[in-house]
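Welcome, and thanks for taking a look at this one with me. Please have the sequence and the 3D view open as you read.

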Amino acid sequence: MASLGGRDWRAVCGKFARAQELSEKESRKDPENEPFRSKYEARELLKEIYCFLKNVDTDESDEEGQGEEEDGQCEQSESDGGEGGGRRTHPGDSRAGLRAAKLGVIEYYLGVNHIETEELSAGEEHLMSCMKLLEKCAVTRENVSLHIQARNQLGILWAGRDETEKAQGFLETAKSIYVRYMKEDGQPPLDLVDFFVVEQEAPSQQERMRRFEMVYTHTLYYLAQVYKNLEQYEKAGQYCHSTLQRQLKFSQFVPLEWAINAAALSQYYITKTRYMEARHCLAAANVIAGLAGEVPSEAAAKESEVEYEKREQLRQKRAEIARCWIKYCRNLLEDAKKLLEDNIGELDLDRQEELLRARRDEEEEKERGRKSAVLFDSSDTFDSICRQEEKVSCVLPLIFEEASAIFLVGQGYVAQAKEYFEMDGHVTDHIEILQDHSALFKVLAFFEERLERRCKMHKRRVDILEPICKDLNPQYYLLICRQLQFELAETFNEMMDLKLAVADKQDQPDAHTIKKLNHLCTSSIKYYQMFLDSIRSPEGKFPEKLEDDLLRPALAAKFRVARLQSKIITTNLNAQLENLNHSLESYSFVVQYCEENPEAKKAVETELELSEEMASLLPMKINRIKSKIASSN
């Protein structure tokens with residue numbers, strides 16, 4: 001019979017170490033035509049170790065196990081989310097318990113090995129065998145890490161099969177095992193590899209604790225993914241934050257990966273209007289991304305493939321973080337706009353004054369808010385993160401100066417993001433950044449009281465979007481073309497309304513003003529018409545029934561075209577008649593469509609009401625002009 005003594009055991013430990021090396025290092029060098037060669041070699045070594053352990057002191061182990069059962073040394077097990085259960089009959093540190101743990105470790109690694117070679121069913125069998133071995137063992141420092149890691153792997157396995165609730169059960173149990181162990185014991189437990197190292201090579205207590213904490217960090221990370229898939233976003237956000245916090249605390253992170261995850265978490269906080277936490281995540285992302293080093297120069301990248309890859313990765317990840325900052329600034333401004341606008345979308349001065357008065361306790365409120373906010377507690381990076389935070393407010397702006405400061409930060413990140421996401425090679429990303437830039441100007445204009453300056457801000461939007469709209473091929477980018485066409489139409493429309501408001505203050509608009517108004521009007525009509533034409537069939541026919549996502553935009557575009565056509569200023573009666581006929585045609589289209597498709601009425605209630613009114617009034621105006629033309633002839 002084999003024994004655990006001296007030379008035999010050193011040989012087992014050597015095989016285990018070799019299996020680890022094959023799985024974790026050698027496998028990276030495997031050829032493409034044999035991608036799992038090293039994994040298969042490691043599997044054979046693990047099987048040999050398993051057979052050896054099964055034959056070691058079998059009789060003695062069985063006798064001890066029976067003796068323990070007779071002594072009644074058993075403990076009640078905790079729930080495993082429907083997996084496992086029963087009575088614990090062995091203390092984890094007993095001979096039987098340690099033998100079960102060693103076998104369990106090999107079953108665990110065989111399970112992981114099969115999963116990594118895409119043999120999922122076999123992997124599941126080995127992991128469940130590991131769980132079965134642990135069923136009769138109380139959780140102790142000898143096996144607690146194995147208890148948790150087996151459930152982590154089963155959680156990943158079932159999540160990959162879209163059995164999210166089953167994955168949740170394993171992972172929540174893993175979490176509860178950790179929490180209970182830390183409460184009742186808390187000493188550094190054995191790591192899985194500790195069972196197969198000679199005493200001289202055993203890791204320190206500190207290293208064991210670090211590894212154990214890393215295992216639990218993985219549990220929280222997987223739980224974040226599970227709750228995201230279950231659409232329980234608040235829990236997902238909490239687990240994500242806890243994961244990032246622990247990675248900082250135990251220095252268990254890759255800088256760029258951590259930074260991207262923190263930036264992504266900021267977007268969740270933005271949806272909850274928790275701007276202090278969102279800003280904190282983004283500031284931390286900037287700081288931690290900085291730990292990845294400087295971006296290699298273009299010259300260095302040309303000389304070395306390693307430097308080229310590093311340059312690309314750093315530029316890309318930092319550009320992605322910059323895009324998250326853009327979203328932060330845009331949403332902060334847009335949420336402030338919602339708070340301050342009246343029922344027609346203009347700045348409510350009374351509301352603004354009321355909110356400004358309420359700011360007298362602002363500093364106290366900000367401090368109270370910071371104490372209740374969920375922030376990263378890391379002494380190493382705290383000062384650096386604070387310096388980043390000081391560059392932009394997390395408070396909703398109430399006046400133009402505050403909005404402008406946030407706008408400028410956002411605009412700075414637009415420039416940074418565009419450096420990597422260029423039009424050549426990143427069409428969709430580049431255009432989305434331009435759309436965000438346009439949105440920043442749009443919301444800044446809301447805070448500007450001077451009409452001429454507001455108009456200039458909207459002109460900047462046109463300058464940003466119009467060139468790209470002209471160059472883009474709708475055959476390949478139809479949805480984006482429609483978005484740009486509609487936004488440009490709205491922007492020209494807004495500029496025309498502003499110019500009209502300025503002209504109304506004059507006794508009589510001059511020829512230059514009239515020409516400008518007509519240009520804005522026809523430009524808006526042009527882009528609305530381009531949008532509407534994009535909906536037509538290849539034969540040029542407008543659909544009898546609009547798709548849900550096009551219903552509101554298409555009918556709103558028809559309504560605005562009708563309004564704009566009646567706004568064109570001309571002294572030529574024939575031109576007036578033509579414009580009003582076009583206007584009536586568009587108003588009538590909205591009315592007729594809603595009559596034929598009653599379900600559309602809800603989408604355009606205001607537009608439909610005005611269209612019905614104008615469709616009844618315009619014929620009289622048209623007839624008057626016809627009479628004037630007839631009498632003049």
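This is a predicted model: local features need pLDDT of at least 70, side-chain atom pairs count only at pLDDT 80 or more; totals for chains, interfaces and linings use all residues.

1. The crossing of α4 past α6 is left-handed.

2. Next, look at the residues that make this contact: α4 brings Ala101, Gly104, Val105, Tyr108, Val112 and Ile115, while α6 brings Leu146, Gln149, Ala150, Gln153 and Leu157. By class, the contact of α4 with α6 has 8 nonpolar and 3 polar residues, with no charged ones.

3. Now for the cores. The largest nonpolar core has 118 residues, and Trp258, Tyr328, Leu333, Phe447, Leu484, Leu546 and Leu555 have the most contacts inside it. Helix α13 (residues 305-340) gives the largest share of this core, 13 residues. A second, separate core has 57 residues, including Leu110, Ala150, Ala167 and Ala224.

4. Which residues does Tyr328 touch, leaving aside those up to four places away in sequence? They are Ile270, Tyr275, Ala278, Arg279, Leu282, Val392, Ser393 and Cys394.

5. Finally, find Val604 in the loop between α23 (573-596) and α24 (605-632). Val604 is buried, with a relative accessible area of 0%. Beyond residues up to four places away in sequence, Val604 touches Arg552, Leu555, Ala556 and Cys594. Between the C-alpha atoms of Val604 and Trp258, the separation is 45 Å, and these two residues are 346 residues apart along the chain.

Technical notes
Residues are numbered from 1 along each chain as its sequence is written. Side-chain values use heavy atoms; hydrogens and water are left out. A crossing is left-handed if the near helix is turned anticlockwise from the far one by less than a right angle, and right-handed if clockwise. Helices (H or I, at least four residues) and strands (E, at least two) are DSSP runs, numbered from the N terminus. Contact means heavy atoms within 4.5 Å. Ala, Val, Leu, Ile, Met, Phe, Trp, Tyr, Cys and Pro count as nonpolar, Asp, Glu, Lys and Arg as charged, and the others, Gly among them, as polar. Buried means under 20% relative accessible area, exposed over 50%, partly exposed in between (1.4 Å probe, protein chains only). A nonpolar core is a set of buried Ala, Val, Leu, Ile, Met, Phe, Trp, Tyr and Cys residues joined through side-chain atoms within 4.5 Å.
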